[in-house]
Amino acid sequence: MRILVVDDDFISRSVMLGILSKRARCDVAVSSEEAILAFKTARKEKDPYDIVFLDILMPGERGTEVLNQITAFEDSRNLTGRSRTGIIMVSSIDDPGEIMGAFRDQCDAYLIKPVKNEAVMNACSKLGKPLPPL
């Protein structure tokens, strides 16, 4: 399992890595630009991310724009089903409109910060990409 954690906040990123790094290979990106580069590079190298945990509020483009770019990239390559990357939005924004907008943009799950281990594990399982237990 390969995971990309995209978050500009050091503490939030550290919490996610603490939950995920013992269960999967993890990379990090601290901006929208880094996230897109990492995502496309992984696809090009034929070692794609299974899941991207994507913050909404970051320097540069918002996480929802990164979500749109990832979706468009995978659509342009006719990727379907399990060959697509699961996108889990992670944000301190607890606004129903923002959450629904993320789902309209085709995210697979939405977690509210601060994230908990159980919520991360459940979101991955619902994607059909369960993380192994410790």
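Modeller: D47 is partly exposed, with a relative accessible area of 26%. Keep in mind that this is a predicted model.

Biologist: Why is D47 called partly exposed?

Modeller: Buried means under 20% and exposed means over 50%, with partly exposed in between. D47 has a relative accessible area of 26%, so D47 counts as partly exposed.

Biologist: What makes the contact of D47 and R2 a salt bridge?

Modeller: The nitrogen of a Lys or Arg side chain must be within 4 Å of a carboxyl oxygen of Asp or Glu. For D47 and R2 the N to O value is 3.3 Å, so the pair meets the definition. D47 lies in the loop between α2 and β3, and R2 in strand β1 (residues 2–6), so the pair ties together parts that are 45 residues apart in sequence.

Biologist: How do you know that R2 is buried?

Modeller: R2 has a relative accessible area of 12%, and the cut-off for buried is under 20%, so R2 is buried.

Biologist: How many salt bridges does the structure hold?

Modeller: The structure holds nine salt bridges. Another one of them joins the side chains of R43 and E74, at 2.8 Å from N to O. R43 lies in helix α2 and E74 in helix α3, so this pair ties together parts that are 31 residues apart in sequence.

Biologist: Are R43 and E74 buried or exposed?

Modeller: R43 has 16% relative accessibility, which is under 20%, so R43 counts as buried. E74 has 2%, so E74 counts as buried as well.

Biologist: What makes R62 and E98 a salt bridge?

Modeller: Their closest N and O atoms are 2.3 Å apart, and the definition asks for within 4 Å. R62 lies in the loop between β3 and α3 and E98 in helix α4, so the pair ties together parts that are 36 residues apart in sequence. R62 itself counts as partly exposed because its relative accessibility is 33%.

Biologist: Why are helices α2 and α3 called roughly parallel?

Modeller: The axes of α2 (residues 32–44) and α3 (residues 63–76) come within 10 Å and cross at roughly 20°. Angles under 35 degrees count as roughly parallel, so α2 is roughly parallel to α3. Their crossing is right-handed.

Biologist: Why does K46 count as exposed?

Modeller: The relative accessibility of K46 is 73%, and exposed means over 50%, so K46 counts as exposed. K46 is in the loop between α2 and β3 (51–55). Its phi is near 60°, a positive value in a residue other than glycine.

Biologist: Where is Q106 found, and why is Q106 called partly exposed?

Modeller: Q106 is found in the loop between α4 (96–104) and β5. Its 46% falls between 20% and 50%, so Q106 counts as partly exposed. Q106 also has a positive phi, of about 80°, although it is not a glycine.

Biologist: Which residues make the nonpolar surface patch?

Modeller: F10, I11 and V15 make the patch, which is about 320 Å². I11 is in helix α1 (residues 10–20). I11 counts as exposed because its relative accessibility is 59%, and the cut-off is over 50%.

Key
Residues numbered from 1 in each chain as written. Predicted model: local features only at pLDDT ≥ 70, side-chain atom pairs only at ≥ 80, totals over all residues. Heavy atoms only, no water. Patch = residues over 30% accessible without salt bridge, like charges linked within 9 Å, V, L, I, M, F, W, Y side chains within 5 Å. Areas by Shrake-Rupley, 256 points an atom, 1.4 Å probe, with all protein chains shown as cover. Helix = DSSP H or I, 4+ residues; strand = E, 2+ residues; numbered from the N terminus. Buried < 20%, exposed > 50% of the residue type's maximum accessible area, 1.4 Å probe, protein only. Axes fitted to C-alpha atoms, helices over the stretch in contact; angles between N-to-C directions. Parallel < 35°, antiparallel > 145°, perpendicular 65-115°, else oblique. Left-handed = near helix turned anticlockwise from the far one by under 90°.
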